[in-house]
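Look at the sequence and the model first.

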Amino acid sequence: MYKNMPVIALEEHYFDRELAALPGYGAPPPIAKKLYDLDGERIEAMDRAGIDVQVLSHNAPSGQGLGADGSELIRRVNDRLAELCTRHPKRFFGFAALATADPDAAARELERCVKELGFKGAMLHGPTGIRFMDEPFFWPVFERAQALDVPIYLHPSYPMKAVADVYYADYAKAFPSILNAGWGFTVETATAAIRLILSGMFNKYPKTKIIVGHFGEGLPFLLWRIDQALSRPGQEGIKFREVFCNNFWLTCSGNFSTPALLCCMQELGMDRLMFSLDWPYVDNEDGMNWVKTLQINEADLRKFMYANAQRILNIP
Ligand code: MN
């Protein structure tokens, strides 16, 4: 609790032992240890910082790293997450992992996770292989999310190899974070979000709810320019700002910047912003100590710390 408010964090990651054992799912030892920890230090660290609820999601690349035969494995992953949430019904909720290489199976799994396991939505980690999720091939996932009225969280994953080779390889040795949270993640996820809007998916499924972390991966700061450029002659014509401000919600995961918060408040309004940490990549205290510096009124703080998340994720 903070100032008598519950604190809900919704970009909090973990490792499933079976999925994370596959090639391409590793993490450095101190991070991996925290990702594998479910019932132990994780909850103690939440208690120390005053975090009431973590909405758990598998670490990247989650189901997006699997092939078309990944559906059975991902069911086991989601079942195990549901067991964990059942053990701690007041502390943990789940975002489904989806093996999107088979979009129809992924849509069915999303429905099973929401209706049978009580999950609050799904998290997608970058492209499926080298295919961005805006391809109509993947739209069954968004169609089902809209039908179930649950959000899809667009989370970063590493840049595709071709991009990494051209854009980052020469600096990646001295500055490995250029590939991930230092810049690469931001570009990947912002690109995924822009492409999703350009694809017309929201015309077909206009009530789709998308969550983006890290205060929107730079998009709020650039919203005016992107919207203006996409309105210039020669474009097909798209209401970029309207879609972004109607269908997207943002969290502050791993980006505890007051100027970024103020930009998001001005562009999207307080009803679309939610607190999050990005455990275990940042410490819970980093986020909570930042919150304690915020000069915003109590009603807005309540929206930010829990009320918006309760509404969007249907958390009681
Ligand atoms: Mn994250």
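Contact here means heavy atoms within 4.5 Å. Helices (H or I, at least four residues) are DSSP runs, numbered from the N terminus. This is a predicted model, in which local features need pLDDT of at least 70, side-chain atom pairs count only at pLDDT 80 or more, and totals for chains, interfaces and linings use all residues. Residues are numbered from 1 along each chain as its sequence is written, and side-chain values use heavy atoms, leaving out hydrogens and water.

**Exercise 1.** Describe how α2 and α13 pack.

Step 1. Find the helices: α2 covers residues 41-49 and α13 covers residues 284-291.

Step 2. Take the geometry. The angle is about 15°, and the axes lie 9 Å apart. Axes are lines fitted to C-alpha atoms over the stretch in contact, and angles run from 0 to 180 degrees between N-to-C directions.

Step 3. Classify. α2 is therefore roughly parallel to α13 (angles under 35 degrees).

Step 4. List the partners. Ala 45, Met 46, Arg 48 and Ala 49 of α2 touch Asn 284, Glu 285 and Met 288 of α13. These residues comprise 4 nonpolar, 1 polar and 2 charged (nonpolar: Ala, Val, Leu, Ile, Met, Phe, Trp, Tyr, Cys and Pro; charged: Asp, Glu, Lys and Arg; polar: the others, Gly among them).

Terms used: Helix = DSSP H or I, 4+ residues; strand = E, 2+ residues; numbered from the N terminus. Parallel < 35°, antiparallel > 145°, perpendicular 65-115°, else oblique.
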